[in-house]
Amino acid sequence: MTLPTSRRLIEKAAVATPPALSGRIRGLSDRAIAWLFISPTIILLLAINIFPLIWTIWLSFTNYRANRPNAPLRDVGLAHYIDILTNPDIWAAMQVTARFVIATIAIQTVLGFLLAWLIDRKFRGAGFWTTVILLPMMLSPAVVGNFWTFLYQPQIGLFNYMVAFVSGIPPSSFQMLGDVKLSPWAIVLVDSWMWTPYVMLICLAGLRSIPDYIYEAAEVDRASKWRQFWTITLPMALPFIMLAVLFRGIENFKMFDMVNLLTGGGPGSTTEVASITLKREAFEKWRTGYSSAFAIILFVTVFGLANIYVKALNAVKAR
Amino acid sequence: MSGQTTAYSIVEPTLRAKRVAGVIIVFYAVLTIIPLVWIALTSIKSPPDSISYPPKVIPFVHFEPTIEGYCNLFTTRSRQTPEYLATLPPPAGRCETIAREKNLVVVSESKYIPRFVNSVVIAFGSTALAVFLGTLAAYGFSRFRVPLKDDLMFFILSTRMMPPIAVAIPIFLMYRELGLQDTRLGMILLYTSVNISLAVWLLKGFIDEIPREYEEAAMIDGYTRIQAFRKVVLPQAATGIAATAIFCMIFAWNEYAFAVLLTSGDAQTAPPFIPIIIGEGGQDWPAVAAGTTLFLIPIVVFTVLMRKHLLRGITFGAVRK
């Protein structure tokens, strides 16, 4: 946006309007316009987000089953909530989710920050290579995740071949998706492949927001590079890193598509994250009331954690 | 790389640091791009080449490129006896020829094109609606004193925190009642409601950056508020609106969870369809790769075009630069 064009616009505007209009009808009042502009969005959200949410809450107290809509409806009170909170399978799913979120965030934050720091060395061609690194994160996790099942094939998959090539172990000796120990890491790897660039991009913005003169001052004071990193770079980039962690945390807590396509929760239930459990309860077992209660618990959890986290983020920012 | 430094700064990284950083980044970039290259390569292999060990890498050297994957993507085929094939007229077109060599005949077109068209229609429809509503709402939030503004903005954002499966349960029931199940309209409305939070947040940021004085000047000259919005603000916000539109489009294009749960036939988009492309005896990987390649190309193009706005888009406008 340049000033000359805007000025030209104003001039055009000034000429185009008949002077008779000025001072007369101003059209609608600002208040009316504000509501006219905002209400369609609010109405849409009420219809497609809030109304269903309230419906979900109501269903969670009933024994409703979507595949038997005409069965008599019974009020079960808090039974579903109590059942879920005492069900070891649900807790197992929550643990799998928590481990997945923690592992992916740890890997992506460290690797993403490191990559951002390297890109910030401003070598030639950095822009091009940054765009290349960013590509995976824009692609459909489902469609690309699905292709990883091919890369992970024991004998014919490229991933196994490359690991075998580097490490010397036979490529058919390990199954990334079929092994209880390896399958969680298979998902963490694909997720990190896709989303490390996301953290990297936000960290890069953080690093670039640090003005040069601070480093120059530190240099004049003969602070070592190491000390500059710990006392300038990291603290000043921290709000950005925390923001990236927030977005990744929420997204991965909701994780469904990649897990559904890579392992479907298996083998056994080793990779069954909360969303997969929810899908099984809601759309395979058709326990609509029960899964509604689980959905509400999940929403309250992510909403509560995000709120606490945002408070921490604001505290860091205010420092 | 020349070592000349015109404006010397003591904080400029040393040449060696730059080189080391460059090498590591290029290494990572090459590693990260391998799966994507592999998708494109697999799409031009024959099924036996695609699963050979060791992997065949370079076209024309290790394997002969073929359009068989694309043929299999676009057609359905059935196996016939050689005696029956001999009675048929000569094959029309490359795909038919390839099929005949394997004792197959092309029976019909596959569902890939209708699924792809669904993706296009739903992505465009929901993007247009989200950007239209989002622009109005963003202008309202940016310029007027709206009661509970921060709460409303947060409410709009919080709709994104719901796990899609949790949203899908009541939407499934609601759409069943309204007859919107497995319809394009239903998916457009659903994606609009998801995208609108992104649109409002991003566009509010873009409109906040346009000085109010422009509209005020126009209004002093006799424009009504709405005229000023249309003739002054909208042209100024055009870049922001375009960027927002592309982000909404990418979301709708990539979305899988809602699509797999709420569509099964008429309105099914490409993401739930591509993983279930199967050939004779298991997954037909070249066909899957062909479908994936065609599906990814538009996004790759958009990403390259949008690289300056990426940061803003992925953080809901929280980080601007």
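# Close-ups of a predicted two-chain model

Figure 1. Residues are numbered from 1 along each chain as its sequence is written, while chains are lettered from A and ligands numbered from 1 in the order in which they are written.

**Figure 2. The two chains, one by one.** Chain A has 13 helices and zero strands, whereas chain B has 16 helices and four strands. Helices here are DSSP runs (H or I, at least four residues), as are strands (E, at least two), and both are numbered from the N terminus. Chain A has a radius of gyration of 26 Å, well over the 20 Å that the globule rule gives for 319 residues, so chain A is more spread out than a compact globule. The radius is taken over C-alpha atoms, and the rule is 2.2 Å times the number of residues to the power 0.38. A box of roughly 70 × 65 × 40 Å along the principal axes holds the C-alpha atoms of chain A. For chain B, the radius of gyration is 26 Å, well over the 20 Å that the globule rule gives for 321 residues, so chain B too is more spread out than a compact globule. The C-alpha trace of chain B spans about 85 × 70 × 40 Å along its principal axes.

**Figure 3. Where chain B touches chain A.** Chain B puts 96 residues into the contact and chain A puts in 90 residues; a contact needs C-beta atoms, placed from the backbone, that lie within 7 Å. On the chain B side, helix α1 (residues 15-43) gives the most, with 16 residues. Sorted by class, that side of chain B has 73 nonpolar, 16 polar and seven charged residues. In this scheme Ala, Val, Leu, Ile, Met, Phe, Trp, Tyr, Cys and Pro are nonpolar, Asp, Glu, Lys and Arg are charged, and the others, Gly among them, are polar.

Figure 4. The axes of helix α2 (residues 30-59) of chain A and helix α9 (residues 184-208) of chain B come within 10 Å and cross at roughly 130 degrees. α2(A) is therefore oblique to α9(B). Axes are lines fitted to C-alpha atoms, for helices over the stretch in contact, with angles running from 0 to 180 degrees between N-to-C directions. Angles under 35 degrees count as roughly parallel, over 145 as roughly antiparallel, 65 to 115 as roughly perpendicular and the rest as oblique. α2(A) passes α9(B) in a left-handed crossing; left-handed means the near helix is turned anticlockwise from the far one by less than a right angle, right-handed means clockwise. From α2(A), the residues A:T41, A:L44, A:L45, A:I48 and A:N49 meet B:L189, B:L190, B:T192, B:S193, B:I196 and B:V200 of α9(B). That contact has seven nonpolar, four polar and no charged residues.

**Figure 5. Neighbours in chain A: α12(A) and α13(A).** Helix α12 (residues 274-284) of chain A and helix α13 (residues 288-318) of chain A have axes that come within 8 Å and cross at roughly 160 degrees. That makes α12(A) roughly antiparallel to α13(A), and the crossing is left-handed. A:A274, A:L278, A:E281 and A:A282 of α12(A) make the contact with A:T288, A:Y290, A:S291, A:F294, A:A295 and A:L298 of α13(A). Seven nonpolar, two polar and one charged residues make up this contact.

**Figure 6. A right-handed crossing in chain B: α10(B) and α11(B)**. The axes of helix α10 (residues 212-220) of chain B and helix α11 (residues 225-236) of chain B come within 9 Å and cross at roughly 140 degrees, so α10(B) and α11(B) are oblique to each other. Here B:Y214, B:E215, B:A218 and B:M219 of α10(B) meet B:R225, B:A228, B:V232, B:V233 and B:Q236 of α11(B). The contact has six nonpolar, one polar and two charged residues.

Definitions and conventions
This is a predicted model: local features need pLDDT of at least 70, side-chain atom pairs count only at pLDDT 80 or more; totals for chains, interfaces and linings use all residues. Two residues are in contact if their C-beta atoms, placed from the backbone, lie within 7 Å.
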